[in-house]
Amino acid sequence: MANVKNLKKDINYVLGDIIEAVYLFELSTTGKPSDASNAVIDEAIATFDQLITKVNAKKVENKKAHFKQINVELEQAANQLVAKINDLQ
C-alpha cells in the first residue's frame with residue numbers, strides 16, 4: 001500500500017507544481033489570468049482527476065503493471081503540460 005500512497009503524492013505534487021508554474025507565469029507577465037493559462041490549469045486538474053480515479057480502481061488484474069502505466073501516463077501528461085506552459089505568451 002505504500003506504493004499507492006506514494007503514487008498519489010507524486011500525482012498531487014507534480015500537477016500542483018505545474019499549476020503553480022502557470023500562476024508564476026501569469027504574475028511575471030500580465031499579472032492576470034489569460035484564457036490560455038486557464039486552459040492549462042483546467043487540463044492539469046482534469047488530468048489529476050483522471051489519474052486518481054485510475055489509482056483508486058479496485059478491479060485490476062495486474063496491480064504492478066497498472067501502477068507502472070499510471071506513472072508513465074503522469075510523466076507524459078506532465079511533459080505535455082510543461083510544453084504548453086513554455087508556449088504561453
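The model is a predicted one, and the mean pLDDT over the protein chain is 91, with 98% of its residues reaching 70 or more. The chain contains three helices and zero strands, arranged along the sequence in the pattern α-α-α.

**Overall form and surface**

- The C-alpha trace of the protein chain spans about 50 × 20 × 15 Å along its principal axes.
- Of the 89 residues in the protein chain, 29% are buried.
- Among contacts in the protein chain with a separation of 6 or more, 68% are made by residues 24 or more positions apart.
- The protein chain exposes about 6300 Å², and carbon and sulfur atoms supply 52% of this area.
- The protein chain carries 11 positive and 12 negative side chains. The centres of these two sets lie 13 Å apart.

**The largest nonpolar core**

- The largest nonpolar core comprises 20 residues. Those with the most contacts inside this core are Ile 11, Leu 15, Ile 18, Val 40, Val 55, Ile 70 and Leu 81.
- Two or more residues of this core are given by each of helix H1 (2-28), helix H2 (35-55) and helix H3 (63-87).
- H1 provides the largest share of this core, namely eight residues.
- Ile 18, listed among the core residues with the most contacts, is in contact with Ala 78, Leu 81, Val 82 and Ile 85, leaving aside its neighbours within four places in sequence.

- Not counting residues up to four places away in sequence, Val 40 touches Val 22, Leu 81, Lys 84, Ile 85 and Leu 88.
- Val 40 and Gln 80 are 40 residues apart in sequence, and their C-alpha atoms are 9.9 Å apart in space.
- Thr 47 is also found in helix H2. Thr 47 is classed as buried because its relative accessible area is 10%, which falls under the 20% limit.
- Leaving aside neighbours within four places in sequence, Thr 47 is in contact with Leu 15 and Ala 77.

- Ala 46 lies in helix H2. Its relative accessible area is 44%, so Ala 46 is partly exposed, a class that lies between the 20% and 50% limits.
- Ala 46 and Ile 19 are 27 residues apart along the chain, and their C-alpha atoms are separated by 12 Å.
- Gln 50 has its place in helix H2. With a relative accessible area of 42%, Gln 50 is partly exposed.
- Gln 50 and Phe 25 are 25 residues apart in sequence, and the C-alpha to C-alpha distance between them is 25 Å.

- Glu 75 has its place in helix H3. Its relative accessibility is 53%, and Glu 75 therefore counts as exposed, given a cut-off of over 50%.
- Glu 75 and Ile 11 are 64 residues apart in sequence, yet 9.4 Å apart in space, C-alpha to C-alpha.

Key. Residues are numbered from 1 along each chain as its sequence is written. This is a predicted model: local features need pLDDT of at least 70, side-chain atom pairs count only at pLDDT 80 or more; totals for chains, interfaces and linings use all residues. Side-chain values use heavy atoms; hydrogens and water are left out. Helices (H or I, at least four residues) and strands (E, at least two) are DSSP runs, numbered from the N terminus. Buried means under 20% relative accessible area, exposed over 50%, partly exposed in between (1.4 Å probe, protein chains only). Contact means heavy atoms within 4.5 Å. Accessible areas come from the Shrake-Rupley method with a 1.4 Å probe; for residues, only the protein chains shown count as cover. Lys and Arg count as positive and Asp and Glu as negative; His and the chain ends are not counted. The place of a charge is taken as NZ of Lys, CZ of Arg, CG of Asp or CD of Glu. A nonpolar core is a set of buried Ala, Val, Leu, Ile, Met, Phe, Trp, Tyr and Cys residues joined through side-chain atoms within 4.5 Å. pLDDT is the predictor's confidence in each residue, from 0 to 100.
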